[in-house]
Amino acid sequence: MVIVMQEGATDAQIQHVIDRLVGSGFNVHRSTGESHTVLGAVGVHRDFDHRDFELLDGVREVMRVTQPFKLASRQFNPQGTIINLGRGVTIGGNEVVVAAGPCSVESREQIHIIAESVAKSGAKILRAGAFKPRTSPYAFQGMGEKGLEFMREAAEKFALFSVSEVMDASQIQMMIGYVDILQVGARNMQNYHLLRALGEVRKPILLKRGMSATMEELLLSAEYILAGGNPDVILCERGIRTFETYTRNTFDIAAIPVIKKLSHLPMIGDPSHGTGRRDKVAPMARAAVAAGADGLLIEVHNDPDHALSDGAQSLDPGQFEQLMGELRIIAPAIGRRVA
Ligand code: PEP
Ligand code: MN
């Protein structure tokens, strides 16, 4: 942390700041220039609020030098984390892995039809929700455990891995019997009780960015899971809420290269929730891969116009097949590949 004192700060004010820093366990280096005194505070402090120092008399500015997240930072694992799902499928390696499927499991038949088609097109992971965080309490809330049962059958039949959203810590034990990856939705990104519980799980966690969360907040949420002992966290950009209304959310593609630089964790993109419009999903998916995403989460439905949730942003199987072909052309341009 660097503290710049105001021009004309008195010796007593400067000494008071130094005493506070030393009292908090910092080593302090003082440099006195022509008009300003600058204090460099060095030390390892996880639980520290630099704003406390901004309020001290004579202080002009306080700048943090280190990141508040440690285990999630790129320095912790400079080569990058590769999550091994098994059967040769990894996330964070050379291959761009695609998870595809409906927003919600709706029936055994529906999830089987979709699993078969996305597997044929090259998806490695089946996505579908059984517990749905819907804005309206009157909207379809998901099939619950029965949906997970149908999903597991379909994923096994077509050799897919599976990911589904966990909404509450009480669902974790039941869900790990059905899915390979647990998803934390945008609305739960800062449910710290849930994040802590997922730190104890031995399955990868797909952590979505909250709709008004900064990248730093996303990384601090990942830190909760990592600090709890689970090293396998996949981050996901799924669009943030802005003043723009044409799209459902604003898909923040810049978050992909920024987070990849700040963190060693794999980062994927969800252009379906990112745009909310079927006709905008493919362009944003292509852009996310070009920007360096380690994977994609794409909503696909066999009958999107009659889907029980998020039909407007769901691709039909033909559109998904075409997109996968395009991604196979784009990925090699940046030294990667798509199955
Ligand atoms: C979903 O993946 O269907 C979902 C609800 O996503 P999000 O949490 O990003 O809104
Ligand atoms: Mn959805």
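Lys-261 is exposed, with a relative accessibility of 68%; here buried means under 20% relative accessible area, exposed over 50%, and partly exposed in between, using a 1.4 Å probe and protein chains only. You will find Lys-261 in helix H8, residues 255-262. Helices (H or I, at least four residues) and strands (E, at least two) are DSSP runs, numbered from the N terminus. Along the chain Lys-261 is 187 residues from Arg-74, yet 6.7 Å separate the C-alpha atoms of Lys-261 and Arg-74.

Helix H8 also holds Pro-257. At 40% relative accessibility, Pro-257 counts as partly exposed. Pro-257 and His-193 are 64 residues apart in sequence, and their C-alpha atoms are 29 Å apart in space.

## What kind of model this is

This is a predicted model, in which local features need pLDDT of at least 70 and side-chain atom pairs count only at pLDDT 80 or more, while totals for chains, interfaces and linings use all residues. Residues are numbered from 1 along each chain as its sequence is written, chains are lettered from A and ligands numbered from 1 in the order in which they are written, and side-chain values use heavy atoms, with hydrogens and water left out.

## The chain as a whole

Let us step back for a wider view. The protein chain has 11 helices and 15 strands, and its C-alpha atoms fill a box of roughly 75 × 45 × 40 Å along the principal axes. Of the 339 residues in the protein chain, 51% are buried. Contact means heavy atoms within 4.5 Å; among contacts between residues at least 6 apart in sequence, 69% join residues at least 24 apart.

The chain is divided into domain 1 (2-64) and domain 2 (83-338), with bounds that come from an automatic or database domain assignment. The centres of domain 1 and domain 2, taken over C-alpha atoms, are 44 Å apart.

## The manganese site

The manganese ion (ligand 2) is coordinated by Cys-103 (SG), His-273 (NE2), Glu-299 (OE) and Asp-310 (OD), at 2.1 to 2.4 Å. Cys-103 sits in the loop between strand E7 (95-101) and helix H3 (108-121) and Glu-299 in strand E14 (residues 295-299), so this pair ties together parts that are 196 residues apart in sequence. The spacing of the donor residues in sequence is C-x169-H-x25-E-x10-D. Donors are N, O and S atoms within 2.8 Å of the metal (3.2 Å for Na, K and Ca), and sites may look incomplete, as water is not among the atoms.

Cys-103 is buried, at 3% relative accessibility. Glu-299 is also buried, at 0%.

## The nonpolar core and a cavity

In soluble globular proteins, nonpolar side chains tend to be buried together. Here the largest nonpolar core has 67 residues, and those with the most contacts inside it are Leu-207, Leu-235, Ile-298 and Phe-320. Helix H7 (residues 215-227) gives the most to this core, with 6 residues. A nonpolar core is a set of buried Ala, Val, Leu, Ile, Met, Phe, Trp, Tyr and Cys residues joined through side-chain atoms within 4.5 Å. Leaving aside neighbours within four places in sequence, Phe-320 is in contact with Val-98, Ala-100, Val-118, Ser-121, Ala-123, Ile-298, Val-300 and Leu-315.

The structure holds 1 cavity of 30 Å³ or more, and the largest cavity has about 90 Å³ of space. Its lining counts 14 residues, of which Ile-91, Ala-99, Ile-125, Ile-268 and Leu-296 lie nearest its centre. The elements giving two or more residues to this lining are E7 and E14. On a 1 Å grid over the protein atoms alone, a cavity is a set of points where a 1.4 Å probe fits but cannot get out, and lining residues have an atom within 4 Å of a point. Grid points are joined across faces, edges and corners, and a volume is the space filled by probe spheres set on the points.

Phe-48 lies in the loop between strand E3 (37-42) and helix H2 (51-54), and is partly exposed at 27% relative accessibility. Not counting residues up to four places away in sequence, Phe-48 touches Met-1, Ser-24, Phe-26 and Phe-53.

Arg-87, in the loop between strand E5 (83-86) and strand E6 (89-91), has a phi near 50°, a positive value in a residue other than glycine. Ala-159, in the loop between helix H4 (145-157) and strand E9 (161-165), has a positive phi of about 55° although it is not a glycine.

Definitions and conventions:
On a 1 Å grid over the protein atoms alone, a cavity is a set of points where a 1.4 Å probe fits but cannot get out, and a pocket is an open set with protein on both sides within 12 Å along at least five of seven lines; lining residues have an atom within 4 Å of a point.
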